[in-house]
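Here is a short briefing to read alongside the structure. Have the viewer open, and follow the topics below in turn.

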Amino acid sequence: MSVEYTDSDRLLRVSLGPQHPSTHGVFRMNVELDGETVVKLKPVFGYLHRNHEKIAEGATYLSSMPYTDRLDYICPLTNNWAYALAVEKLAGIEVPERAEYMRVILAELTRLINHTAFMGFILGDMGAWGSALMYAFREREKILDLFEHLTGARMMANFMRFGGCRNDLPAGWREQVGTLVEGYGPFLDEMEKFLVGNEILLSRSQDVGQLPAETLVNGGITGPMLRAAGVSYDIRKVDRYGIYDRFEFRIPLGEKGDVYDRIMIRFLEMRESLKILRQAIDQLPEGDYVNPKARIRGFKPPVGEAYGRIEGPKGELGFHLISDGTPNPYRYRVRPPSFINLTLLEDMCLGLDLADAVIILGSIDIVLGEVDR
Amino acid sequence: MSVDATDIQTSIRAALPDVEIFLRTNPGPSGQHSLLVGNGDLLGVMRFVRDELAFDFLSNVTGIDWPDPAKADAVASDGALRSPHGFLEVVYHLFSTTKRTGPLVLRARTVDRAENCTIPSVVSVFRSAEFQEREIYDLFGIVFTGHPDLRRILMWDEFADHPMRKDYVAPDDYEYEPTPHGEVLERAQTHYPQTAG
């Protein structure tokens, strides 16, 4: 962190990061302060940039699949799904029913992981360093055990394939998910009980960082951030991709869109995810886990382009692919929710204290692997 | 719910008769056809689809490098505005949060890949384009006229090239950084004549 005084000697210019615990990775904010008040904030990133898109354009379609795990490394399975969905649109591949159910189960488990970890991180930003994160990670670890059992890897799953999934569910896995889902509700009750009325959380998060809903839509904000401001836009309901039209669940909406709403909306979303998980486990049919007609070797989609998107835990995760009929994509573009959700960071922070800026950044929920790509 | 690009084209033509707008058919199975808009009319069309057709959410902005125009015509054919020597293209994916429709795919093209590499910035209509246009400027070298803060965003400021272009050549050694060490060592040699030869 470096500090310098500006010419007028009134404003203090602070370079916050890139190595700073509250910045969630290598992320820097160039802040100008009038006393404690933020008058200018410019985010600086690119420290993790490895040009994911260029590398993917030089590789075959399938060999980018493990690389998508590394975008948002908290939720690899939703990244897999978004990419598989875009390629399936590009090539017109059907997905068997069982595979769709498996994808829904994995995506909702990933949403639980993301939102649980978020609770730990945001409380860490508010000063509860350690214990909240430890309990959040205890629950996350249980889900990661399930992922390891199914995919062989805790985090870097590389599990989806074009037209389905890589392997079938192992024996007893479904029952283990059932046990986990039953145990998750009480954990959420406990965590919520500690948080909802917590005085520090209330005073730090209420009326902090809200913007009008139209500004958020215009700024491209998606996911829990947008719904916390009362805009009912969830791609699971809008596009009804996969088989989301078969499940009964609601889209929780916030009222003010401040940091408090953003925290609480994630609690409510987790409860809806549990609902979806219960239904998916009950309805899971027998059948193929991958479309037997989908080609793996020598896969060449026809000439054309496609944009596929899903509701990732952080917002709209999209892939725009262009095929020129060769085994490599001509253009491979990731629409990263973390990156675009940062567009309005300055607007949210202006006029507030520097300490609020840290919490607002935490409430956006970014992963730098996806921001920098 | 997907949108019919032909209908959108008709309603834009009806309201803004002088606009250059062409349908580009997507031959692939996704069925996402696009509309190619002339550079001079881009902002007007963006404003029209936002205010009149309720496409209030610009989700994705992408750059594409087409050194070979024949490939661009294969992916999206039946249009005009062809450029003989290759061009760069920007693709916009718009959605409507109120009508819940999309994507509406718009495209805009630069004249060539060298001097006339400009496209008007749409940040004044859609704020979400701010960082994405900076990224395209950084990686493809398209200059967005009217952008409030057009700087590199992912590569470092001193970097000179645009790595997402198809003819970009990666350096042999990514870790190499020019430092004064080589020159300093050479000058130091003059103080030690016994080791110089």
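In this predicted model, helix 1 (residues 5–15) of chain B packs against helix 2 (residues 42–51) of chain B at an angle of about 110°, and their axes are 11 Å apart. Helix 1 of chain B is therefore roughly perpendicular to helix 2 of chain B, as angles of 65 to 115 degrees count as roughly perpendicular.

**Helices 1 and 2 of chain B**

- The crossing of these two helices of chain B, helix 1 and helix 2, is right-handed.
- On the helix 1 side of chain B, the residues in contact are Ser11(B), Ile12(B) and Ala15(B); they meet Val45(B), Phe48(B) and Val49(B) of helix 2.
- Sorted by class, this contact of helix 1 with helix 2 of chain B holds five nonpolar residues, one polar residue and no charged ones.

**Helices 5 and 6 of chain A**

- Helix 5 (residues 131–151) and helix 6 (residues 173–196) of chain A cross at roughly 170°, with axes that come within 11 Å.
- Helix 5 and helix 6 of chain A are therefore roughly antiparallel to each other.
- Residues that helix 5 of chain A brings to the contact include Tyr135(A), Arg138(A), Glu139(A), Lys142(A) and Leu146(A), while those from helix 6 of chain A include Trp173(A), Leu180(A), Tyr184(A), Phe187(A) and Glu190(A).
- The contact of helix 5 with helix 6 of chain A divides into 12 nonpolar, two polar and four charged residues.

**Gly254(A) in its loop**

- Look for Gly254(A) in the loop that runs between helix 10 (235–238) and helix 11 (259–283) of chain A.
- In sequence, Gly254(A) and Ala229(A) are 25 residues apart, yet their C-alpha atoms are 5.4 Å apart in space.
- Leaving aside residues up to four places away in sequence, Gly254(A) touches Arg227(A), Ala228(A), Ala229(A), Gly230(A), Asp261(A) and Ile265(A).

**Where chain A meets chain B**

- Chain A gives 47 residues to the contact and chain B gives 50 residues.
- Between them, chain A and chain B bury about 4000 Å², with 55% of it on carbon and sulfur atoms.
- Asn218(A), Glu305(A) and Tyr330(A) supply 18% of the area that chain A buries against chain B, more than any other three residues.
- How many salt bridges are there between chain A and chain B? The count is five.
- Glu305(A) forms a salt bridge with Arg107(B), and the closest N and O atoms of this pair are 2.4 Å apart.

Key: Residues numbered from 1 in each chain as written. Chains lettered and ligands numbered in written order. Predicted model: local features only at pLDDT ≥ 70, side-chain atom pairs only at ≥ 80, totals over all residues. Heavy atoms only, no water. Axes fitted to C-alpha atoms, helices over the stretch in contact; angles between N-to-C directions. Helix = DSSP H or I, 4+ residues; strand = E, 2+ residues; numbered from the N terminus. Parallel < 35°, antiparallel > 145°, perpendicular 65-115°, else oblique. Left-handed = near helix turned anticlockwise from the far one by under 90°. Contact = heavy atoms within 4.5 Å. Nonpolar A, V, L, I, M, F, W, Y, C, P; charged D, E, K, R; others polar. Buried area = accessible area lost by both parts, 1.4 Å probe. Salt bridge = Lys/Arg side-chain N within 4 Å of Asp/Glu carboxyl O.
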